[in-house]
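Student: Could you show me, step by step, how to read the place where two chains meet, and then one chain by itself?

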Amino acid sequence: MADQARWLLIVEKAYRGSVETRYADALYVVPELHRQSGGCDLVLRGPAAGYALTTDFTPELRIGGRTLASLPDPAASVTRVLAAGVTVMVEEDGLTALGRTARDRLLPGVRVIEGGALASRWPAYEQVWFL
Amino acid sequence: MPRPVPPTDVLLNLHGAPHQTDLVTSALRLATALLDRGARVQIWVCGDATRLTGAALGDTTPRDLSDPGREHPSVARVIRDLITDHPDRLYWYVCRFCADQRGAAEQIPEVRKRSLFVYAEHVRAAGKTLFMGVC
């Protein structure tokens, strides 16, 4: 976890629409919050732990005669957040729920933290946001 | 005199709110699959789903600041094209009360606003009725 991080961002509600949401998923704003706040850490927990995994899924869908190629792409979003310098953590509980091989499929750079211990970290941050 | 409801094979009631789950996507995928098989479909939306076809959404989404050169059709545009691509086979009805209550009274012209008082006519005009989500 980066020492300078001031805001802790937590995402646990995942997969909030595709056709109507498109590229602007829950993580879309995180790089900008990181820039404005002076530093953010991001924790993925519960169903959102799946955001931290590599996948072969192609986020593309045909609706009628139109193919939409700009659906939410959680793995790409996490990769973009990491590239912006945000420390990304995933709770072990959420990861375990995704199967035995989940840890092997983690995106490079994502750290695993113990489940249930997250609240003890809150006092170290100026702000704690559930996105 | 209200217009009669055209008969359809299926009535999809889309009552779940957008931006919460993949329900809207599932409804559009299901409609696409039904239309691909030649079915006649009507979709009745209530609650926050009435915003999907709000005229205020325009034809495109807000610009993606991480990829500003790329243009994306709005969900209203996606639905509009789905309707116009299937004349006389897809009808999209918006609950007037729900739309008005949510400030979404102005809708794209391809959808029809209907009063809840005629809802049963839509059920009777469909071979099967499927509910998706709650308001």
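Tutor: The size of an interface is often given as the accessible area lost when the parts come together. Here chain A and chain B bury about 1,900 Å² between them, with 52% of that on carbon and sulfur atoms; buried area is the accessible area (1.4 Å probe) that two parts lose on being put together, summed over both. On the side of chain A, the residues that lose the most area to chain B are A:E20, A:Y23 and A:R66, together 31% of what that side buries.

Student: What should I know about the model and its numbering?

Tutor: This is a predicted model, in which local features need pLDDT of at least 70 and side-chain atom pairs count only at pLDDT 80 or more, while totals for chains, interfaces and linings use all residues. Residues are numbered from 1 along each chain as its sequence is written, chains are lettered from A and ligands numbered from 1 in the order in which they are written, and side-chain values use heavy atoms, leaving out hydrogens and water.

Student: How many residues of each chain are in contact?

Tutor: Contact means heavy atoms within 4.5 Å, and by this rule 20 residues of chain A touch 29 residues of chain B.

Student: In what order do the elements of chain B run?

Tutor: Helices (H or I, at least four residues) and strands (E, at least two) are DSSP runs, numbered from the N terminus. Chain B has 4 helices and 5 strands, and from the N terminus on they follow the order β-α-β-α-β-α-β-α-β.

Student: What share of chain B is buried?

Tutor: Buried means under 20% relative accessible area (1.4 Å probe, protein chains only), and 48% of the 135 residues in chain B are buried.

Key. Buried means under 20% relative accessible area, exposed over 50%, partly exposed in between (1.4 Å probe, protein chains only).
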